[in-house]
2 protein chains.
Amino acid sequence: MHILHTIREARDLITHARTEGKSIGLVPTMGYFHEGHLSLMRQARRDNDLVVVSLFVNPIQFGPGEDFREYPRDLDRDARMAEEVGVDLVFNPSVEEMYPEGYNTYAAVEKLAEGLCGAFRPGHFRGVTTVVLKLFNIVQPDRAYFGRKDYQQLKVIERMAKDLNVPVEVIGMPTVREPDGLAMSSRNMYLDPEERRAALVLSKSLKYAQDLLNEGVSSAKELKKRVETFIRQEPLARIDYVEIVNPDTLERLETIEDKALIALAVKIGVTRLIDNAILTR
Amino acid sequence: MHILHTIREARDLITHARTEGKSIGLVPTMGYFHEGHLSLMRQARRDNDLVVVSLFVNPIQFGPGEDFREYPRDLDRDARMAEEVGVDLVFNPSVEEMYPEGYNTYAAVEKLAEGLCGAFRPGHFRGVTTVVLKLFNIVQPDRAYFGRKDYQQLKVIERMAKDLNVPVEVIGMPTVREPDGLAMSSRNMYLDPEERRAALVLSKSLKYAQDLLNEGVSSAKELKKRVETFIRQEPLARIDYVEIVNPDTLERLETIEDKALIALAVKIGVTRLIDNAILTR
């Protein structure tokens with residue numbers, strides 16, 4: 001497995017593979033891998049001849065006061081894990097390599113990026129779409145893999161790639177969970193044991209929402225209210241949002257007709273966690 | 001020569017050429033060709049195996065009250081001219097093909113796009129960079145050609161391609177002028193005979209600026225003032241701006257040390273014309 005730090009080196013290796021007719025899969029990550037990341041890499045391994053994993057903690061998707069500096073980093077551990085699942089290239093550029101002096105261009109999806117996490121993290125999705133577009137242009141993958149835990153991110157990236165005619169297939173993969181239901185996230189490492197227990201309220205509240213729908217509660221307002229009440233029973237939890245939206249447009253629903261996305265962001269202590277589920281009637 | 005209207009058809013033809021190892025040159029245009037456009041096509045013909053000219057009047061780069069509807073269009077004439085200079089493919093998509101329902105993504109260069117025309121045409125360069133990025137992704141050219149008459153546009157596109165790691169060489173070509181000095185522009189067709197004569201004030205004022213610099217006037221403020229006075233002697237002319245800037249950063253200069261860009265936008269009647277020149281000491 002190769003670990004390369006410059007765009008030029010990565011391009012040379014990838015261009016060579018493409019010349020040989022190899023298909024290319026990209027898994028963009030911020031590192032500190034868990035089973036969620038590995039599931040993306042395994043799928044990329046099944047689908048493609050060359051598997052590229054980018055590992056870059058992207059400063060422009062963090063707001064002021066967010067955890068850019070504290071975000072966990074461990075290249076050696078990540079490289080071992082990537083090699084074990086058969087990754088061919090880990091692309092690990094520096095901030096200066098990605099955003100050299102004078103850098104001044106941003107790609108943004110407007111409407112889809114406004115609600116949910118976009119409302120709480122201004123500029124976040126602009127940072128995400130910009131870095132992902134750069135990675136698409138550097139790697140020129142046939143397929144790129146993203147987890148559905150970051151559901152809005154997936155939708156925003158799909159939109160960006162489609163709108164800008166990027167010739168890549170964007171593939172969303174299921175959220176991977178701990179045995180007790182907690183969605184895997186690199187940020188789970190911030191949780192102390194008591195917070196780790198409290199964090200279960202996210203996945204439990206999603207299950208509770210489906211139970212309520214099964215019982216006939218199809219008003220989004222009512223469902224949202226009862227899920228919020230459920231989450232507030234956990235003293236360590238503070239709600240950023242609970243929203244029930246159309247899974248494609250991310251627009252708020254009044255009534256759940258067929259299916260809906262329930263998405264939530266909850267702070268457990270100082271750690272902001274997100275989770276989501278498709279509710280089906 | 002092929003004339004294709006859908007992205008899919010254009011991609012099929014271009015992908016086939018690329019598979020054969022052909023190099024690809026792109027000339028993005030809004031049509032209504034003049035010698036300026038043709039000079040770009042001829043250079044593309046010299047440099048590449050396959051020459052693609054896009055012909056698309058891009059609505060998102062026009063502001064409210066600008067001339068999107070009136071902008072001259074003549075596909076038959078353009079196709080004949082392109083064929084004569086050896087273009088292989090004219091790509092002429094509809095607005096719906098480029099911006100289908102739900103379209104929502106924009107690529108923007110921030111600082112370089114703020115001054116000069118950017119200050120007078122809010123959103124203009126965002127529209128330009130977005131459509132050019134789409135064309136880059138559709139055509140995936142090795143080289144793309146732009147005229148230096150739209151100097152700020154060229155700089156903004158260079159910045160966008162570099163920042164977003166688009167693997168294309170952006171090539172700027174000299175402004176082509178009428179025998180009397182008027183920079184060629186599709187918008188010159190709006191001018192009536194009296195305005196056509198008055199429009200000469202743009203190129204003459206650039207020459208006047210260089211004469212002043214030769215005489216030792218190196219203060220940008222003084223030079224700008226005298227050029228503005230010169231232009232105001234033409235009763236049909238109304239100045240949008242006269243600016244003297246660093247040719248790379250487009251930042252305003254106080255003194256011309258070595259070289260500078262003088263850029264101007266002047267309305268002749270209702271027709272807004274631009275021109276520029278590099279001033280050298």
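Which residue of β5(B) does Y106(A) stand opposite? Keep that in mind as we walk through this predicted model, in which local features need pLDDT of at least 70, side-chain atom pairs count only at pLDDT 80 or more, and totals for chains, interfaces and linings use all residues. Residues are numbered from 1 along each chain as its sequence is written, chains are lettered from A and ligands numbered from 1 in the order in which they are written, and side-chain values use heavy atoms, with hydrogens and water left out.

**Stop 1**

Select residues 105-109 in chain A and in chain B. These are β5(A) and β5(B), which pair in the antiparallel sense over five bridges. (Strands are DSSP runs of E, at least two residues, and helices are runs of H or I, at least four residues, numbered from the N terminus; two strands pair if DSSP finds at least two bridges between them.) Now click on Y106(A): across from it, in β5(B), stands A108(B).

**Stop 1: the rest of the A–B interface**

Next, show both chains together. In contact (heavy atoms within 4.5 Å) are 28 residues of chain A and 28 residues of chain B. About 2,400 Å² is buried between the chains, 44% of it on carbon and sulfur atoms; buried area is the accessible area (1.4 Å probe) that two parts lose on being put together, summed over both.

Two salt bridges cross this interface, a salt bridge being a side-chain nitrogen of Lys or Arg within 4 Å of a carboxyl oxygen of Asp or Glu. To see a salt bridge here, select E110(A) and R126(B), whose side chains meet at 2.6 Å, N to O. Then colour α6(A), which gives six residues, the largest share of the side of chain A that touches chain B.

**Stop 2**

The contact takes 21 residues from domain 1 and 19 residues from domain 2 of chain A.

About 1,800 Å² is buried between these domains, 59% of it on carbon and sulfur atoms. Which residues of domain 1 lose the most area to domain 2? Select L116(A), F120(A) and Y151(A), which together make up 35% of what that side buries.

Three salt bridges are counted between the two domains.
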